[in-house]
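Hello,

Here is the structure for you to look through.

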Amino acid sequence: MTVPTVTLNNGVDIPQLGFGVFQIKPADTRRATEAALEVGYRHVDTAEMYGNEAEVGQAIRASGVDRAEVFVTSKLHNSRHHPSDVAKAFDGTLAALDVGYVDLFLVHWPLPAADVDYVDTWKAMEDLLGTGHVRAIGVSNFQAAHLDRVLAEGSVVPAANQIEAHPYLTQEPLRAYDQAHGIATEAWSPLAKGHVLDDPAVVAVADAVGRTPAQVVLRWHIQRGDIVFPKSVTRSRVEENFAVFDFDLTADQMAAVGGLNRDERTGPDPDTFDYRP
Ligand code: NDP
């Protein structure tokens, strides 16, 4: 199964489907990531705040898969936003992963109420590109107003914006903003942590195409053009979530899933989230 890629604004290709490891305990992360790599995933999404970067790196090194074939994303810790901390935090990620370089490094949250301005954090992120240890930089959970300032005051356009998106939170305006500015949208919690899977409209499409609800929702994201990385510690689901490239949803089926939007988050609101442990 060949996973399609999305070309980021600096020419770097990212597999459109990856494996997310948020809330996988460090003790379980190596096994789970190895399973995903065995199934064929070649993109892993982690973060310093997940506490499992080292185990992701161990899995990649043990897998026998060429480093160049695996796309690794990590994210700047919320407590490391000060410009003088960014390079140190990145070095910590690099050392924990121990896979030579990071493919994509993101500012995890904008933290608009913090005493450090996210634009200053972003300017320090830009300096990482000169280290040769990161292929692309981007942001996560940035709203249009945050991106407006980054684009106006920064010198590098973020390669990606990783935002919560799923059928109950379709994020049309922010996705359009990203697209208009050459920023790839990554959809986190693509299954809404499982909450959308028993929605009758999703189940009806699943029955019509002979696939599972999770496959329908992931296929919907793929056909929209977003990048996704569902999380599962269940091997059969890891396989199921990967098998989404041999069927298509019709325009009506895409509209049925997208029509479920109710602007409902499963996670925090980026405009007010201020978690800095
Ligand atoms: P997901 O939408 O990926 O849902 C994960 C949940 O769905 C788990 O409970 C999993 O159960 C279950 N599940 C997975 N596959 C299936 C399936 N085929 N059928 C039924 N249930 C299924 O939510 P996440 O919040 O984990 O998001 C995915 C990734 O997004 C994270 O791992 C992380 O990489 C990223 N993320 C980024 C954030 C950010 O701020 N940038 C915030 C949150 C997430 P089980 O594991 O028990 O099988």
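Ligand site

A backbone N or O atom of Phe22 lies 2.9 Å from an oxygen atom of the ligand. Please keep in mind that this is a predicted model. On its own the ligand has 910 Å² of accessible area, of which the protein covers 88%.

The ligand is located in the largest pocket, with 28 residues around it. Asp45, Ser189, Lys231, Ser232 and Thr234 are the closest of these. Helix H9, residues 235-242, contributes the most to this shell, namely 3 residues.

His81

His81 is in the loop that runs between S5 and H3. Its relative accessibility is 4%, so His81 counts as buried, the cut-off being under 20%. The His81 side chain reaches the backbone oxygen of Trp109 at 3.2 Å. Leaving aside residues up to four places away in sequence, His81 touches Leu76, Val86, Val107, Trp109, Pro110, Leu111, Val116 and Thr121.

Helix H2

H2 spans residues 53-63, and its buried residues are Glu53, Glu55, Val56, Gly57, Ala59 and Ile60. These pack against helices H1 (26-39) and H3 (83-97) and against strands S4 (43-45) and S5 (71-76). After H2 comes Gly64, which has a positive phi near 85°.

Regards

Definitions and conventions:
Residues numbered from 1 in each chain as written. Predicted model: local features only at pLDDT ≥ 70, side-chain atom pairs only at ≥ 80, totals over all residues. Heavy atoms only, no water. Buried < 20%, exposed > 50% of the residue type's maximum accessible area, 1.4 Å probe, protein only. Helix = DSSP H or I, 4+ residues; strand = E, 2+ residues; numbered from the N terminus. Contact = heavy atoms within 4.5 Å. Polar contact = N/O pair within 3.5 Å; in protein donor to acceptor, adjacent residues only side chain to side chain. Near = heavy atom within 4 Å. Areas by Shrake-Rupley, 256 points an atom, 1.4 Å probe, with all protein chains shown as cover. 1 Å grid on protein atoms, 1.4 Å probe; cavity = no way out; pocket = protein on both sides within 12 Å on 5 of 7 lines; lining within 4 Å. Sits in = over half its atoms within 2 Å of the grid points.
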